[in-house]
Amino acid sequence: MKRLIRKIYVKWLCLIGKAIDISSTSKFPAGYLSNFTPYTFTFRGIEFTSMESLLQGLKFEGVETQNSVFQRVGVKAKLRGKKRKWYLDQRLYWQGIPMKRDSTEYQSLVKEAFEALSQNKDFQKALLATGDKTLYHTMGKTDPTRTILTEEEFCEILTDIRKKLKTKV
């Protein structure tokens with residue numbers, strides 16, 4: 001019930017122009033900030049086709065499998081990683097190197113990945129189009145032990161990047 005009330009509240013904030021609720025099914029700019037949106041970017045020497053491909057790939061220990069997930073786009077990446085039970089040991093991987101979900105190493109990696117994504121001009125355009133509106137992702141999960149990126153983490157990272165981009169404009 002609490003989640004439903006929150007969704008209604010956020011929808012109202014969006015209607016009055018004070019917020020953006022990021023979802024792949026939304027129009028510009030909200031729909032273009034989804035992790036499913038196909039944006040090409042390079043992170044640590046690897047080319048990615050969407051942020052979702054990077055995030056889902058982190059669930060795989062094997063470098064070859066991980067790299068194949070990195071080449072998928074959006075929903076296809078999500079489907080590939082969906083059945084991985086990484087949450088049982090709270091372990092994710094970068095090129096075979098394990099890290100705990102709650103580690104500063106993991107948080108730094110994710111922020112660095114979004115910084116790499118923010119070099120994409122189309123992504124920049126979508127993020128800057130949000131103005132000063134509060135960012136939400138109500139379809140996202142809130143429990144960090146059950147998701148590789150919570151709504152709060154996602155929106156906080158995007159808000160920080162938006163601030164940096166505005167200083168460059």
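**Helices, core and rings: a quick tour**

Okay, let's start with two helices: α6, residues 121-128, packs against α7, residues 151-168, at an angle of about 100°, and their axes are 10 Å apart. Angles from 65 to 115 degrees count as roughly perpendicular, so that's what we call α6 and α7. Keep in mind that this is a predicted model.

Who touches whom here? On the α6 side we have Phe 123, Gln 124, Leu 127 and Leu 128, and they meet Leu 158, Ile 161, Arg 162, Leu 165 and Lys 166 of α7. Sorted by class, that contact has 6 nonpolar, 1 polar and 2 charged residues.

In soluble globular proteins, nonpolar side chains tend to be buried together. In our model the largest nonpolar core has 37 residues, and Phe 43, Leu 54, Trp 94 and Phe 114 have the most contacts inside it. Among the elements giving two or more residues to this core are β2, β3, α6 and α7, but α5 gives the most, with 7 residues.

Let's stay with Phe 114 for a moment. Leaving aside residues up to four places away in sequence, Phe 114 touches Asn 35, Met 51, Leu 149, Phe 154, Ile 157, Leu 158 and Ile 161. Phe 114 and Phe 154 are both buried.

On to the rings: the count is 10 aromatic pairs. In one of them, Phe 28 and Tyr 32 have ring centres 5.2 Å apart and planes at 65°, so that pair is edge-to-face. Phe 28 is partly exposed, at 41% relative accessibility, and Tyr 32 is partly exposed at 41% too.

Last one: ring pairs join Phe 41, Phe 43, Phe 48, Phe 70 and Trp 94 into a cluster.

How values were computed. Residues are numbered from 1 along each chain as its sequence is written. This is a predicted model: local features need pLDDT of at least 70, side-chain atom pairs count only at pLDDT 80 or more; totals for chains, interfaces and linings use all residues. Side-chain values use heavy atoms; hydrogens and water are left out. Axes are lines fitted to C-alpha atoms, for helices over the stretch in contact, and angles run from 0 to 180 degrees between N-to-C directions. Helices (H or I, at least four residues) and strands (E, at least two) are DSSP runs, numbered from the N terminus. Angles under 35 degrees count as roughly parallel, over 145 as roughly antiparallel, 65 to 115 as roughly perpendicular and the rest as oblique. Contact means heavy atoms within 4.5 Å. Ala, Val, Leu, Ile, Met, Phe, Trp, Tyr, Cys and Pro count as nonpolar, Asp, Glu, Lys and Arg as charged, and the others, Gly among them, as polar. A nonpolar core is a set of buried Ala, Val, Leu, Ile, Met, Phe, Trp, Tyr and Cys residues joined through side-chain atoms within 4.5 Å. Buried means under 20% relative accessible area, exposed over 50%, partly exposed in between (1.4 Å probe, protein chains only). Rings of Phe, Tyr and Trp (its six-membered ring) pair if their centres lie within 6.5 Å; planes under 30 degrees apart count as stacked, over 60 as edge-to-face and the rest as tilted.
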